[in-house]
Amino acid sequence: TCGCTALYEELDRKSPTQVQCVQKDYAAGEQFVLVYHTKALKFGWKIKDVRFFGAVETDPATGREVCSGDPLEITSTTFPSSGRSDSGSYPGDFALDNILDDDPVTTWKSYCLNCDRDMGTGAWVGFQFSADTDVRCVRVEQGLCQSTCARELAVHRGVLPADGEKALV
């Protein structure tokens, strides 16, 4: 069976091995933003830049929601140096920091060349923000789309526990 740790209480038990736990005393945790491709890529995934925004608006010409305003400033307060991770970077000058450097020449490239989520070899990038940083929109620039561009992306935003404690035991 499973149960909740000391900082959590049981909200709903569906079976001996299925339980939903909620924090007893809520404290806003740091946010985590995860970006990944949804379709298989045969020659890896390249990203030139990623920008985060606190606002979204509707483009009147297309009716689509787009990032608006200035990008959020990346500082040690809003974005700790340990607050980024990836599925692995290709050897050479393709480090994860390249997608945050505002340099149009540098690129991050995934370690996987045959990146296929269905085969367990998908690529992803993740970013951690302070609890009071409001990330509403993510813009991913891939450059010239050839064989290393993802045509479809998924973005997930979640909150990490403030105390670093896991909810389930």
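This is a predicted model: local features need pLDDT of at least 70, side-chain atom pairs count only at pLDDT 80 or more; totals for chains, interfaces and linings use all residues.
Where does Asp102 lie?

**View 1. Asp102 in the loop between β7 and β8.** Asp102 is placed in the loop that runs between β7 (84-86) and β8 (108-109). Its phi is positive, at about 60°, although the residue is not a glycine. As a rule, most residues other than glycine have a negative phi. Asp102 has a relative accessible area of 59% and is therefore exposed, the cut-off for that class being over 50%.

**View 2. The chain as a whole, an arrangement of strands.** The chain contains 11 strands and zero helices. Along the sequence, the pattern accordingly reads β-β-β-β-β-β-β-β-β-β-β. Of its 169 residues, 34% count as buried. The chain exposes about 10400 Å², and carbon and sulfur atoms supply 50% of this area. Among contacts between residues at least 6 apart in sequence, 66% join residues at least 24 apart.

View 3. Strand β3 covers residues 31-37 and is mostly covered, with five of its seven residues buried. Strand β9 (residues 124-129) runs antiparallel to β3 and is joined to it by six bridges. Within this pairing, Val35 stands opposite Val125 of β9. Strand β11 (residues 153-159) also pairs with β3 in the antiparallel sense, over seven bridges. Here His37 has Leu153 of β11 as its bridge partner. In a regular strand the side chains alternate between the two faces of the sheet.

View 4. Strand β5 (residues 49-58) and β6 are antiparallel and are joined by five bridges.

**View 5. Arg64 in the loop between β5 and β6.** Arg64 is found in the loop that connects β5 and β6. With a relative accessible area of 60%, against a cut-off of over 50%, Arg64 is classed as exposed. Apart from residues up to four places away in sequence, Arg64 touches Glu57, Thr58 and Asp59. Arg64 also belongs to the lining of the largest pocket, which is the subject of the next view.

**View 6. The largest pocket and its lining.** The largest pocket has a volume of about 230 Å³. Its lining consists of Arg64, Glu65, Val66, Cys67, Arg136, Cys137, Val138, Arg139 and Val140. The elements that contribute two or more residues to this lining are β6 (65-71) and β10 (137-141). Strand β10 gives the most, with four residues. By class, the lining comprises five nonpolar and four charged residues, with no polar residue.

View 7. Val66 is found in strand β6 and is among the residues that line the largest pocket. Is Val66 buried, partly exposed or exposed? Its relative accessibility is 29%, so Val66 counts as partly exposed. Leaving aside neighbours within four places in sequence, Val66 is in contact with Ala55, Val56, Glu57, Asp59 and Cys137. Val66 and Cys137 are 71 residues apart along the chain, and 7.7 Å separates their C-alpha atoms. Cys137 is likewise listed in the lining of the largest pocket.

**View 8. Asp134 in the loop between β9 and β10.** Asp134 is situated in the loop between β9 and β10. The relative accessible area of Asp134 is 34%, and the residue is partly exposed. Which residues does Asp134 touch, not counting residues up to four places away in sequence? The residues in question are Gln31, Phe53, Gly54, Leu72 and Arg157. The C-alpha atoms of Asp134 and Phe53 are separated by 8.1 Å, although the two residues are 81 residues apart along the chain.

Technical notes. Residues are numbered from 1 along each chain as its sequence is written. Side-chain values use heavy atoms; hydrogens and water are left out. Buried means under 20% relative accessible area, exposed over 50%, partly exposed in between (1.4 Å probe, protein chains only). Contact means heavy atoms within 4.5 Å. Accessible areas come from the Shrake-Rupley method with a 1.4 Å probe; for residues, only the protein chains shown count as cover. Two strands pair if DSSP finds at least two bridges between them. On a 1 Å grid over the protein atoms alone, a cavity is a set of points where a 1.4 Å probe fits but cannot get out, and a pocket is an open set with protein on both sides within 12 Å along at least five of seven lines; lining residues have an atom within 4 Å of a point. Grid points are joined across faces, edges and corners, and a volume is the space filled by probe spheres set on the points. Ala, Val, Leu, Ile, Met, Phe, Trp, Tyr, Cys and Pro count as nonpolar, Asp, Glu, Lys and Arg as charged, and the others, Gly among them, as polar.
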